[in-house]
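Subject: Structure handover

Hi,

Here is the structure for you to look at. Please open it first, then read the notes below.

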Amino acid sequence: MIQTVNLGSQGLVVSRQGLGCMGMSEFYGEADEAESVATIHRALALGVTLLDTSDIYGPFTNERLVGRAIADRRGDVMLATKFGIVRDEDGSRRGIDGSADYVRRACEASLQRLGIDHIDLYYQHRVDPGTPIEETVGAMGELVTEGKVRFLGLSEAAPDTIRRAHAVHPITALQTEYSLWERAPEAEILPTVRELGIGFVPYSPLGRGFLTGRYRSLEGLADNDFRRTVPRFGDRHLDDNLRIVEAVEAIAADKGVSAAQVALAWVHAQGEDIVPIPGTTTRRHLESNVAALDVALTADNLARLSEFGTATGDRYADMDSVNR
């Protein structure tokens, strides 16, 4: 079984690695729902307890899928979901809302879709620049008092925002992108959360699949694949960023493991307060990702991998909503 660790300092205990469920419903092309549910079940059987979703994935369909998958297994799950990015049923976006009224409405809707009576870890998905973080987190704290939420999290929040939020109600986890091709959190985000006793949850620890070595061009990606909009995947930056993949692949070949396993092992080596949530839609890739926990990297391996720094190119086409 997978090791469990404390995520943050507020009492939340989770598996050393979680499972991101976003791709089971949207963004990376079509996924097979039956296989997605089987993947969640296999994750739980392997000891993965932290499942991560959001109301906007689908939109709304991912929470329903996860809810169905865990309906008879609720006691095995530490369930994280998010609110704040407002979408309509047709998928169009209407901005970001962190108002107290929206916090409550979003939580009630997520509870209903998930078919549960409480959320273990509730994140603000993006910080609303039009609403003071104190108002948002104050409303989230009321949900904790009422027993609808156990622990609070933030996603893509800047250090000052994290501090202000934590002063209103203890924040258990901060989620942001972090991997061998996204090292920016090391400068300010990681020191801030470690000072405050907040756990760190990297999403896209495999660089949206780039670090697996599968994508050396945009060929093979579905027309509606989100990665087609990511500057780092564009022709201007892709070839330059392949240097990171080549270093990962060289170490993987030497150890007889996959590139994905080396990339995940690097994230794990950055500290036990870090709990990555690699996403996948198949049992085969899930099992490979879990096996990364047994991959030991030497000091030389880590030095070789770390020397490249962050990949070139932005990680979103519009970076305005991150690190607020």
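**A buried loop residue**

L206 has 10% relative accessibility, so it counts as buried (under 20% relative accessible area; over 50% is exposed, and in between is partly exposed, with a 1.4 Å probe and protein chains only). This is a predicted model, in which local features need pLDDT of at least 70 and side-chain atom pairs count only at pLDDT 80 or more, while totals for chains, interfaces and linings use all residues. Residues are numbered from 1 along each chain as its sequence is written, and side-chain values use heavy atoms, with hydrogens and water left out.

L206 sits in the loop between β11 and α7. Helices (H or I, at least four residues) and strands (E, at least two) are DSSP runs, numbered from the N terminus. What does L206 contact, leaving aside its neighbours within four places in sequence? The partners are S179, L211, T212, A260, A263, L264 and N289. Contact means heavy atoms within 4.5 Å.

**Helix α8**

Ten of the ten residues of α8 are buried, so this helix is largely enclosed by the rest of the structure. Among them are W266 and H268. The cover over the buried residues of α8 includes β11 (199–203), α7, α9 (283–291) and α10 (299–306).

Now take α7 with α8. The axes of α7 (residues 235–255) and α8 (residues 259–268) come within 8 Å and cross at roughly 105°. Axes are lines fitted to C-alpha atoms, for helices over the stretch in contact, and angles run from 0 to 180 degrees between N-to-C directions. That makes α7 roughly perpendicular to α8 (65 to 115 degrees; under 35 is roughly parallel, over 145 roughly antiparallel, the rest oblique). V248, E249, I251 and A252 of α7 meet A259, V262 and A263 of α8.

**Strand β9**

Is β9 mostly covered or mostly open? Strand β9 (residues 149–155) is mostly covered, with six of its seven residues buried. Five bridges join β9 to β8 (residues 119–124), and the two run parallel. Two strands pair if DSSP finds at least two bridges between them. Y122 stands opposite L152 in β9.

On β10 (residues 173–177), three bridges join it to β9, again parallel. There, S155 stands opposite Q175. The chain goes from β9 through α5 (residues 159–168) to β10, in a right-handed β-α-β crossover. Right-handed means that, with the strands pointing away from the viewer, the path from the first strand over the helix to the second runs clockwise. β8, α4 (residues 133–145) and β9 also make a right-handed β-α-β unit.

Best wishes
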